[in-house]
Amino acid sequence: MTGKEVVEFAKKHDCKMVDYKFLDFIGIWQHFAQPISMFSEETFEEGIGFDGSSIRGWQPIHNSDMLLLPDPTTAKIDPFPKVSTLSLICNIIDPFTREGYTRDPRFVAQKAEAYLKSSGLADTCYFGPEPEFFIFDDVRYSSSANQSFYAVDSIEGAWNSGREEFPNLGYKPAHRGGYFPVAPTDSLVDLRNEMVEVLQRVGMQIEAAHHEVATGGQCEIDMRFDSLMKMADTLQWFKYIVRNVAFRNGKTVTFMPKPLFGDNGSGMHCHMSLWKDGKNLFVGDGYGGLSKMAIYYIGGIIKHAKALCAFTNPSTNSYKRLVPGYEAPVNLAYSNRNRSASLRIPATSNPKAKRVEYRTPDPSCNGYLAFAAMMMAGLDGIENKIDPGQPLDKDIYGLSPEELKDIPTVAGSLLEALECLKADHSFLLKGDVFTEDLIEKWIEYKMEAEVDPIRMRPVPLEFQLYYDC
């Protein structure tokens, strides 16, 4: 839609408010609203001023003025406010230069798409993420100088099989026993269906919805693939809608990769393919039906995987999931159909569906930065003809230490990922997609706000292990 069409769209839906959404540096939606009387076509040209120093990771207080510039193509009716509300996703620009802001994740994704087209290699990079999440009935946590705890609960939790529920009707999925059971063991059918209805109402194409492996309410809803930028926007809507539908039903959703000990964590497998002039460039006669371009793309992902982890697995909690020998693929190998490899080639007879699935990322990531970084790593592989070596068609989880010693792995901690990003990020700087300023600020913020606080704080298990040392 154009600005004029958005104004007419708002009138058609009798909108009373306009909600302006934008991302902070880490990737969490922020917003504010205005009465519809303050909204016009000029809003798309003039923008709206705000204080950039109040957004984490952004401007210092002495240089804080910034502009929100709404993107008219993102206009939707927000499904949650009581009054009809027009929702617009905004870009962040400098009020003086009118240029995009280097720390705005959406601007990074826009530059990534522009770089892809300018490279001549392809004109579209499609992404199909599969975000997993937990639906809990209760969550409590606190951290202070002298105490720290968390507690999550779910009516489905295996730990509640003996709880007095007046009556307890059973049907609690066992640990790692939640994959595809029917109701009543799957108690979340109606809630997921409501989520799907609302997701479709804002224009998403949903392909499937189901319970996931873990006990305690782990679920997955799959979206149809789309171009990098559109899918990053869609992922933001996805998280927003899933959380709010759960909330209005008295439940809570988390996209934390590992909220439960001893059960599967939540990943976000990402399916990728490059296209040009309507043709899938990953189709070929090589291994798994892939083209040489696709094989080199895999080579780029493998080469830069540890640095990529700083964006694809950007939380300290991410590495509670990425543990060798457990369910998450940490070994950097590629294989046809093999789900123990970090890079999988899904079986399909449809050439349009030929793609590469990267299974390491998780849904705590900022989609704009993670998708852009993965694509840039893949393009680096193509441009430099990086050979990923031979595929590995064995069950990697069953290999001996001797067999595993030559297989590279992803980062083992957020600290390692940030150190690898510091040493290996030149591939991200091509086309000015990422900037040194963004990389430096990302590392600085993650170290000061997440890595250092986590490694300085005692955790309850340490008291069990060491109190009487």
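Buried means under 20% relative accessible area, exposed means over 50%, and partly exposed lies in between (1.4 Å probe, protein chains only). This is a predicted model: local features need pLDDT of at least 70, side-chain atom pairs count only at pLDDT 80 or more, and totals for chains, interfaces and linings use all residues. Residues are numbered from 1 along each chain as its sequence is written, and side-chain values use heavy atoms, with hydrogens and water left out.

**View 1. Helix H6 is mostly covered.** Helices (H or I, at least four residues) and strands (E, at least two) are DSSP runs, numbered from the N terminus. H6 spans residues 292-303. Ten of its twelve residues are buried. Among them are Met293, Tyr296, Tyr297 and Ile301.

**View 2. Glutamate 207 meets arginine 224 in a salt bridge.** A salt bridge is a side-chain nitrogen of Lys or Arg within 4 Å of a carboxyl oxygen of Asp or Glu. Here the N to O distance is 3.3 Å. Glutamate 207 lies in strand E10 and arginine 224 in the loop between strands E11 and E12, so the pair ties together parts 17 residues apart in sequence. Arginine 224 is partly exposed, at 38% relative accessible area.

**View 3. Arginine 344 pairs with glutamate 357.** Their closest N and O atoms are 2.5 Å apart. Arginine 344 sits in strand E17, glutamate 357 in strand E18. Both residues are buried.

**View 4. Glutamate 402 pairs with lysine 405.** The closest N and O atoms are 3.9 Å apart. Both residues are exposed.

View 5. The whole structure holds 26 salt bridges.

Conventions:
The expected span of a helix is 1.5 Å times one less than its number of residues.
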